[in-house]
Amino acid sequence: MHLRIRLTCRKYEIWALSIFSLVTGLYVLHFSIALILVNKEVPQTRGMLYPRESETREVRSLDGIWNFVRSDQANPTQGVRDEWYAKELSKSRPTIPMPVPASYNDITTDNLRDHVGTVWYDRKFFVPRSWSKDQRIWLRFGSVHYEAYVWINGQKVVKHEMGHLPFEAEVTDLLSYGAENRITVMCDNALIQTTVPQGRITEVPNDGGMTIVQSYTFDFFNYAGIHRSVHLYTTPRTFIEEVEVTTNLSKDATIGEVFYSVSVNGSAANEADNVLQIQANLYDKDGILVANATSDQKLGGKLQVNPVKPWWPYLMHSEPGYLYQLEIKLLATNDELLDVYRLKVGIRTLSWNSQQFLINGKPVYFRGFGRHEDSDIRGKGLDNALMVRDFNLLKWIGANAYRTSHYPYSEESMQFADEHGIMIIDECPSVDTENFSQELLGKHKSSLEQLIHRDRNHPSVVMWSIANEPRTGSVSADSYFELVANFTRSLDKTRPITAAIAVSNTQDKAGRSLDIISFNRYNAWYSNAGRLDMITQNVIDEAIAWNKRYNKPIIMSEYGADTLEGLHMQPAYVWSEEFQTEVFSRHFKAFDELRKKGWFIGEFVWNFADFKTAQSYTRVGGNKKGVFTRARQPKAAAHLLRKRYFALGRDLDQCSFPEDLFTYIADLIS
C-alpha cells in the first residue's frame, strides 16, 4: 500500500516497499515533468543582523540547560494536538535536561541518537522592566535542524525550515516585562525528498512490529536540535534593519572604497517630516577614524580610505585578515541618535576568468580542506573551544581556505575566518541532490537566498557553492542548475559560483552554469582501492578533461582515504597511516603538473578531521578520512600536508617557513 501521512506541522512521506515498482514506473514521467521547471520567486529575508550590543541595543543569551521531551515516533504531532506549548513541558511529559546549543543525539545513554521526528524544548527566563520602555524585542536562533516551531508564553511566534541558518521574530508584544516568561520549541529532524538536504522516511518491520527509519545518501550523521545560540536582543522603535557592504581597490591597491547601503525598519522611517540620515564612520584596527560620510535620504554612500590596508588571505601577506570597523549611526532630522550598529569590514576585490581566480589582482592557489561541524558529544552544536582549536590547526598546517561542506557553518566561525584571513567557499545545504522537482527547486533557492543574505558582508567568503555531489548526470540537471546558478548570480554578482561535482565530465550537465569547476574523486579508494599506481595520471587526465570541456578554472575539491589512527603497515595498505600519506603524495605530483597549465587553481583534502556518519559496515565509528582525529590530533599525513602547504606558500606567496616545520636530522660533513 502507499501510505502518506500529512501532519499539521509538516508533510512526512512514508513509502511502503510494495510500491517500489510503481515509483520505478513513474521515473520517466517524473523527470519529463522536471524538465519544465518554472523559475518562481522565493521569499526574501529581512533583517537578521548578527546580535551586537551598542549604545542603543542590548543582547541577552538564552543558552544553557533547557528541558527536553521526545515525541513518540509513531505519533509525532501529539504535542501540537495536545497543546504542550500552552504550559510547561513537564506538565505533559517527564522532561530531561538538554544543553543548548548542542545536538541532542549523543547526550543521553538511550536510543535518542536514532530518533526520527519531533522533539520539544522549553525554558523560563526573565525580561527586565526596563526593556518595556520604547524598545522592540527580538528572538533570534542561530540554527535549529531541521524544522522549528517556536512559542512564547503559549503564543506561536515563528516557523522556520532549513537547518544551519538563522531565523528571528519580533516578540515585543508577547513578553511579560519584569516577570517570568516561557519559550517552547518543537524541532523536527525528518528529511524527505523535498527537504534540503534530501532523505527518505520508510516504515519497516522490527521485533516489536513496525518502526520508522530515516535514510539518506549523504555521508555524515543527521545531527539535530538547537545547534547554535539563542538570543533576545533589543532595538529602538526605529532601527537599522540591514547593512550591505561591498568594497573596491584602486589598481595599485593603495586606495580603498567601502560602499554601504542601509535599510531601516520603524515608524520614523515613514514620517514625511522626518528625514533620516546615516552617519558612517570607518575605524582602523587601532581605533583611529580613517573615513567618514553622512548619507542623503537614500541611506547609502561611499567611504574612501587612503592609504588602505587590504584584506589578504593567510600567508599571502604579512598582515592577513586586516579588518576595519564600520560604525553605522541612524539619525533623525534633528540629529537625534536613533540607532547604532557596528560590523567588521575587509577591503578587497575578487575577479576571475577562464584561467584564474584573483584577490586584489593577485592569482590565488587554494590549499585547504573540506570540513564538517562535528565533535564528540556536542555533535554539530556550536563549540567555541573547538572552533578556536580548528583555526589554530588550519594555520599550523598552512591552509588558506576551506569549503563549508555541506551546509552553512556558524556565524561565529565566519567571523573568525574574516579575522584570520581564511578564504571560504560557502556551501548551501544541498547535498546529493536528486529527483529534481519544483518544490525542491524553491527550497534550494531559498537556502541560497538565506545563506547569501547572512554571509554577503564577509570578506572571507570568496565563492558560493550551490551543491555537493548533485546528480548532474540526469536529464533535468541542466535546466535545474541553470535556474539555481542564475538565481545565485541575481543575489550576488561579486563572487563566482561553483559546485562540487562527482559524476564524470562526460556525464555532467551542470558545469556550463558554473564559473569555476570543482570535482570530487577518490582514486585508490572508491576507485581502484589500494592501487597507488592508479592515482597521479588519473587525476591529471580528469582535470584536463574538465578544463577542455568547459574552459574554466578547475579545483579538486575532494580526495583522500580513510585512515585508522595508529594503524601502521609497510608496504602501505588501505586504512593505514602509511597509505593515506602515499595517497596524498601521489596527488601532490598530479597537482604540480596541473599547476603548470595555469588553470588549475586549488586542492582540497577530504577531510580536515574524522567525523560521525550513519551506521554502516563501511564506517568504523564514522568517516576516518580526516588528517586530524575527531579529537583534533594529527595523523602522519598531517605532517606531510603541512610541509606541502607551506612549500606552496613560499613558492607562490613568498611566505616564510615555521621554525618547527622540519625536524633536525644530521649535520652532514662531506
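How many residues of domain 1 are in contact with how many residues of domain 2? Four residues of domain 1 touch six of domain 2, contact meaning heavy atoms within 4.5 Å.

The model is predicted: local features need pLDDT of at least 70, side-chain atom pairs count only at pLDDT 80 or more, and totals for chains, interfaces and linings use all residues. Residues are numbered from 1 along each chain as its sequence is written, and side-chain values use heavy atoms, with hydrogens and water left out.

**View 1. Domain layout.** The domain assignment, automatic or from a database, gives domain 1 (58–189 + 224–236), domain 2 (238–345) and domain 3 (363–653). The C-alpha centres of domain 1 and domain 2 are 34 Å apart.

**View 2. The interface of domain 1 and domain 2.** The two domains bury about 370 Å² between them, 58% of it on carbon and sulfur atoms. Buried area is the accessible area (1.4 Å probe) that two parts lose on being put together, summed over both. Strand 7 and strand 16 (230–236) each supply at least two residues of the domain 1 side. Strands are DSSP E runs of at least two residues, and helices are H or I runs of at least four, numbered from the N terminus.

**View 3. Helix 5 (residues 411–420).** Nine of its 10 residues are buried, so helix 5 is largely enclosed by the rest of the structure. Buried means under 20% relative accessible area (1.4 Å probe, protein chains only). Among the buried residues are M414, F416 and H420. Their cover includes strand 7 (135–141), helix 4 (384–397) and helix 6 (438–455). G421 follows helix 5, with a positive phi near 75 degrees.

Definitions and conventions:
Buried means under 20% relative accessible area, exposed over 50%, partly exposed in between (1.4 Å probe, protein chains only).
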